[in-house]
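Trainee: I would like to go through this model with you. Please show it first.

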Amino acid sequence: MKLGQHSLKIDGWLILFVIILLVCGALNQASATMGGLLFKKQMVWFGLGFLLMMAIALSDYQRLLSPRLIFGIYLFLLLVLLILDLKHTRWLRIAGVGIQPSEFAKLVLILVFSLVLHRRDQDHLDLRTFGILTLLAFPPIVLVAAGDLDQGGMLFLIYLSYVFLAGVPRRLLIGLAVIVLVAAVTLGPKVWMVLKPYQRARVAAFLNPEAFRLDRGYQILQALIAVGSGGLTGFGFKEGLSSRLNYLPEKHTDLAFAVWAEEWGFIGAATVIFLFGALIYRLLRLAIEVREPLGRTILAGVAIMIFWEAFINLGGILHLLPVASVPLPFLSYGGSSVLVNLMAIGLALSISRKRYSFR
Amino acid sequence: MRYHQLFSPEEPDPFERRLRGTIIFIAGVFLLLFLKLFFLQIIKGEHYRELARRRSLKVFLLSAPRGNIYDRRGILLAGNSPSFALAVDPKIIRGPQGDEILKRLAEILGEEFPSLKQRYLLARRGTGTNQVILAFDLDRDTVAKIEARRYFLPGVDIIVEPTRYYPFGSELFHLVGYVSRINAEELKRLAPQGFTADDFLGRAGLEAQFDERLRGRKGRRLVEIDARGRIRRVVAEEAPVMGESLVLTVDVFWQRLAHRLLEGQAGAIVVMDPRDGRLLSLVSHPGVDPMYFVKGFPPKEWEKIRKDEKHPLLNKAFSAYPPGSTFKVVTAMAALEKRVVTPATTFFCKGYYRLGRRIFRCWRSWGHGEVNLVKALEVSCDVYFYRVGEEVGIDYLSRMARACGLGRPTGLGFPGEKAGLVPDRAWKMRVFHEPWQKGETLNVAIGQGALKVTPLQLAKLLSAVVNGGTLYRPWCVVQLLDPYGEVVDEFRPQEDGKLPVKPRTLYYVKKGLVAAVNGKEGTGRAARMEDITVGGKTGTAQVVGMKKRIHSKKLPYLKRDHAWFMAFAPAEKPEIVIVVFVEHGGHGGSAAAPIAGKFLKAYFKGEHPS
Ligand SMILES: [Zn+2]
């Protein structure tokens, strides 16, 4: 067993990928916000997030994450979400700074799920554990979805991922797939009718953006033109046509990647996609290497969270998925998103330091 | 015990197996993303580059005309007129070339270049990336000049937008309300709902109450613009939908008359149909010309309005004031209902009433002699009501006042309507931490003290007294029409409870009110008419407590009494109720009753006050 020097070492690959992504994010915000106030704010968030990440990385996560603390945070989150729902807002204002608790909900859910799976450590998911996961997942999902459907869907994906990660027996898996298929065929059209017009419009605009050029389709078309016109090498830093002429809506938040792809071309865009892939791969590799059950479950959760965030955002911009309003980690503007993702990486770093040690 | 030791290296544990599966799945997804990116940028790159070059599509929002407001005869009270605004594109107006264009504009507008530039920079900060509106309400000359020099003014555009206008100016200010431009803070809050910097919001009166219905739906226009920012062609358009229009119960003729009757004074007139609670007129004087809010106030004008001691911005029709003797109607009903007196019971008024060591004076220092209920209402004898008030007690009296609709908003639904105040033991304890004093009951019984009511509440109350006891919620909108004139919504009278009194009680109170106008010693004789029987009650509310009665005319304006008069006619079958309130007007009988008299004469006989 290797104890000693190794246990203090921070995983070099992980931190390298994150730093490059942060540099890309900073360059992108400098262009998308034209170096204005928002850019300066984002840089402050980056700095703050980085410090927080390092602090968490150097701490002992096993001591930090006591079950009592995790459930305390979980209950506090529910309370905050409930209050915000009653006030019809997504934003918590603290000393003039807006915080989005729905972003933090992702990390809290990961911790709670990991704790539950760790406590009921089994090869496969039994019904009781499944029940507990579901019972813990739904209050925050419903509360978040009430104000922000897309973020609610995000939490739901994390929950689903955890269920699969815990191991659904193969027979059950096949059974579920059959049920979902049958339900989709029989109930699908009915659900379609029940959906609100704007929700339908989102799907319809995805299928045929040309026909919806005034609505959501406008966003999709402009994003496609921005990405596509980037070509191999792009227009260059701060030179993007779509971004400069304001054809791109939400260019510093949801569509930040379109700005990036337009200005840095295939070379830059592929690099960012590669970096996300590498980051997620590295996190999952570490999850395999780490033997401590709570730690590796958290690592897997962090990987899965970043995966869904990246996939939903990139898939929407590249027209593989309907557009959802979800920020891309490190590249999109938003303090809460930056903090949550960097805190999650910090946690992963802290866990990875212990991969060969046991207590 | 050690988790990993349970498995041999060849056979990974199930969790690890699932992690490996996850890696494969995610790798597949990333491959897909990568391939799609390759497809878009490398394979279709040239296609999209071409699109980007050609493309110059932009969505503009088209503001929707606000719904109209009509009086009951269909006369327009609030409508729209087109107005021209000067819009510039901040993407084109920038740098030295932008300054050049601004200089030319400054010349046309007759403005100094530095001040225009400053205004432009300020406006640009608020709107961000969209069009910046530099000037509103351009006259035709300026528009023509700009159109003629269009070629030398790239990035400059004249936009036509519907603008609110109010044909009757200040006369309907407090009823119709006004709209004004959205401010930066509201814009931040409302932007997700599609509001933009050039939108208007309803701020007061009906404009505020029905803002959402009046507002309509914005249209959108997709246009192609060339590299210099000029519109080349319209690609697609969705026309704006005009908001819904309101048809009121109010008659602009009576509204203007009431407004004129208050000329030179501060006050309110509420005219109501007692049969169903509809408002024929709701006036608060003075008003403000709502166009100032639409187009912006000249600073001087704003200063004048802010400092005016007649408070033109305050809607006095539903602000709360002490009711004075008009409240004796409530005290009289409470006395009869609690059987403290019968209509035949008489008391002797010698000009004052003694309670313990305190002396409570009648307004007529030499007294009224023997008075019964009807006589007491006629001459407004304070001593009679001190006496019955003392016997009724504050608990019963305050309950009766609340049952008459006092102490809570009437339900008209305008923003800013006051609830008034009905004091009782609990209130005294809560606010002053002291027990209720018996003397205070006496003050309340004649409508003084902490008691506060609004003119609208009194109209609702008097309507109930004369229509047989039904409290109707005041209302002033009959219909909502869609842009094609079809009725979308229709409003009906709404009952708001019944007065908890017997018909006999109402009979005697009404008799007293008729006597107050027609009797030899009636306090409201100024509202009397030849062939139509009017009933009513005066009220004089002290503003400052004074030892001796001093004639109001000798006091400074802000210390003078408030004058009230409420009336109904014809007494046999009332079809109109009017409440006149004159702030700091002095005596109810001499300041408020003549106004009601003039209104009733015009209403029933078409006599126009000179
Ligand atoms: Zn008397």
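Trainee: Is Cys362(B) buried or exposed?

Mentor: This is a predicted model, in which local features need pLDDT of at least 70, side-chain atom pairs count only at pLDDT 80 or more, and totals for chains, interfaces and linings use all residues. Residues are numbered from 1 along each chain as its sequence is written, chains are lettered from A and ligands numbered from 1 in the order in which they are written, and side-chain values use heavy atoms, with hydrogens and water left out. Buried means under 20% relative accessible area, exposed over 50%, and partly exposed in between (1.4 Å probe, protein chains only). Because its relative accessibility is 3%, Cys362(B) is buried.

Trainee: Which protein donors does the zinc ion have?

Mentor: Donors are N, O and S atoms within 2.8 Å of the metal (3.2 Å for Na, K and Ca); water is not among the atoms, so sites may look incomplete. Those of the zinc ion lie 2.0 to 2.4 Å from it. Their spacing in sequence is C-x12-C-x5-H-x12-C. The donors are Cys349(B) (SG), Cys362(B) (SG), His368(B) (ND1) and Cys381(B) (SG).

Trainee: What relative accessible area does His368(B) have?

Mentor: His368(B) supplies ND1 to the zinc ion. The residue counts as buried because its relative accessible area is 14%.

Trainee: Which residue of chain B forms a salt bridge with Arg291(A)?

Mentor: A salt bridge is a side-chain nitrogen of Lys or Arg within 4 Å of a carboxyl oxygen of Asp or Glu. Between chain A and chain B the count is 3. With closest N and O atoms 3.4 Å apart, the partner of Arg291(A) is Glu16(B).
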